[in-house]
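Below are some notes on this model for a colleague who has not seen it before. They are meant to be read beside the structure.

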Amino acid sequence: ELEKISGPYELSEQDKDDYLPRGYFMFDDDEYFTGSKGKLIINKFDLINCKDHPDQNRLNGCYVLAGLDGINKVCCNGHEIATEKSDCWH
């Protein structure tokens, strides 16, 4: 179960820190994740029972997933569910 984050002071833009703490969610205001206004944002470690998209073209990034090529996570049944943006330059 996730809780809505109560304020921007709980977010981190420090290298190697999670942007959004585990156990919380927020709706994007288009300030940080361009083009995601109104989308639900959660910590990638709170996303359970999913796997990488079978389309390798959606899994680009220099270290992990950049999230620039569309939805890149699917549920256990293969339905598209999320876009992970976790690459080092995000």
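1. The largest pocket holds about 1200 Å³ of space. A pocket here is an open set of points on a 1 Å grid over the protein atoms alone, where a 1.4 Å probe fits, with protein on both sides within 12 Å along at least five of seven lines; lining residues have an atom within 4 Å of a point. Of its 33 lining residues, Phe33, Lys44, Glu84, Lys85 and Ser86 are the closest to the centre.

2. This is a predicted model: local features need pLDDT of at least 70 and side-chain atom pairs pLDDT 80 or more, while totals for chains, interfaces and linings use all residues. Residues are numbered from 1 along each chain as its sequence is written, and side-chain values use heavy atoms, without hydrogens and water.

3. β3 and β6 (80-82) each give two or more residues to the lining of the largest pocket. The most come from β3, with three. Strands are DSSP runs (E, at least two residues), numbered from the N terminus.

4. β3 also belongs to an open sheet of three strands, ordered β1-β2-β3 with mixed pairing. β1 (3-4) and β3 (40-42) are at the edges with a single partner strand each, so one side of each has no neighbour in the sheet. β2 (residues 24-27) pairs with β3 in the antiparallel sense over three bridges; pairing requires at least two bridges found by DSSP. Methionine 26 is opposite isoleucine 41 in β3.

5. Leucine 11 lies in the loop between β1 and β2. Beyond its neighbours within four places in sequence, leucine 11 is in contact (heavy atoms within 4.5 Å) with Ile5, Tyr19, Leu20 and Met26.

Terms used. Helix = DSSP H or I, 4+ residues; strand = E, 2+ residues; numbered from the N terminus. Points joined across faces, edges and corners; volume = space filled by probe spheres on them.
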